[in-house]
Every structure is written in structure tokens, then in C-alpha cells.
Amino acid sequence: MLEITEERQGSTLTICPEGQMNLTTSPAVAEKLTAEKLAGVEQLIFDLEKLEYLSSAGLRVFLAATKTMAGQGEIIIRNAGQEIHDIFELAGFANIMTIE
């Protein structure tokens with residue numbers, strides 16, 4: 001199960017997934033990150049405080065968001081637990097987005 005909340009303030013969009021991002025649930029996040037929905041967004045923040053699990057399918061969602069945001073703005077990962085932070089590091093995502 002995955003709950004997703006989002007908040008838009010000006011050109012900043014914050015996405016807060018709660019639960020597990022896996023093969024079954026990742027499409028729900030991807031749906032919120034289409035080029036049309038990210039139009040005008042200069043800062044895309046993922047607050048991962050309540051994300052419990054991240055699979056390779058979830059990583060693909062972040063990679064797709066990076067491609068969409070290229071030349072448009074930045075992606076920031078916030079409040080990732082140590083396990084999820086390590087997944088981002090091992091996958092090389094620390095080189096293409098800001099992880100706080």
C-alpha cells in the first residue's frame with residue numbers, strides 16, 4: 001500500500017509517499033510526475049520520511065522524474081531513512097540529484 005500526498009507552492013512541488021514504492025505501487029507516483037503535471041515546477045522535493053521500502057521499480061520513477069526535470073529545475077530528496085539513503089547512494093543517484 002502507498003499513500004501519496006503532494007503540496008504545490010509556487011514553482012515548488014513536494015511529493016510525500018508513505019508506505020512502499022514497489023512494482024505495484026510505483027505507477028501511482030509516476031502518474032503525478034508527467035511532463036504536464038511538472039510544467040512550471042522548478043524545484044521537485046521528495047519527502048521520504050514515511051517511505052518504508054524502495055524497489056528498483058521505485059528507482060525508475062525517480063530516474064524518469066530526473067529526465068523530465070532536466071533543464072527545468074532540481075530534484076531534492078529529503079528525510080530518507082538510512083536504508084533508502086543507501087539505495088540512492090549505491091544506485092548513483094547522489095550524482096544526479098540532491099540528497100539531504
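This is a predicted model: local features need pLDDT of at least 70, side-chain atom pairs count only at pLDDT 80 or more; totals for chains, interfaces and linings use all residues.

**Exercise 1.** Decide whether Leu23 is buried or exposed, and find what Leu23 touches.

*Solution.* Start with the location: Leu23 sits in the loop between β2 (12–21) and α1 (26–31). Next, take its relative accessible area, which is 66%. Exposed means over 50%, so Leu23 is exposed. Now look for contacts, leaving out residues up to four places away in sequence: Leu23 touches Ser55, Ala57 and Arg60. Finally, compare sequence with space: Leu23 and Ser56 are 33 residues apart in sequence, yet 8.0 Å apart in space, C-alpha to C-alpha.

**Exercise 2.** Classify the aromatic pair formed by Phe46 and Phe62.

*Solution.* The structure holds three aromatic pairs. In the pair of Phe46 and Phe62, the distance is 4.7 Å centre to centre, with 65° between the planes. An angle over 60 degrees counts as edge-to-face, and that is the class of this pair. The pair links distant parts of the chain, with Phe46 in strand β3 (residues 43–47) and Phe62 in helix α2 (residues 56–69), 16 residues apart.

**Exercise 3.** Work out why the pair of Phe62 and Phe88 is edge-to-face, and whether its residues are buried or exposed.

*Solution.* The ring centres of Phe62 and Phe88 are 5.1 Å apart and the planes lie at 80°, so the pair is edge-to-face. This pair joins helix α2 to helix α3 (residues 82–90), across 26 residues. Buried means under 20%; Phe62 has a relative accessible area of 0%, so Phe62 is buried. Phe88, also at 0%, is buried. To finish, ring pairs link Phe46, Phe62, Phe88 and Phe93 into a cluster.

Methods. Residues are numbered from 1 along each chain as its sequence is written. Side-chain values use heavy atoms; hydrogens and water are left out. Helices (H or I, at least four residues) and strands (E, at least two) are DSSP runs, numbered from the N terminus. Buried means under 20% relative accessible area, exposed over 50%, partly exposed in between (1.4 Å probe, protein chains only). Contact means heavy atoms within 4.5 Å. Rings of Phe, Tyr and Trp (its six-membered ring) pair if their centres lie within 6.5 Å; planes under 30 degrees apart count as stacked, over 60 as edge-to-face and the rest as tilted.
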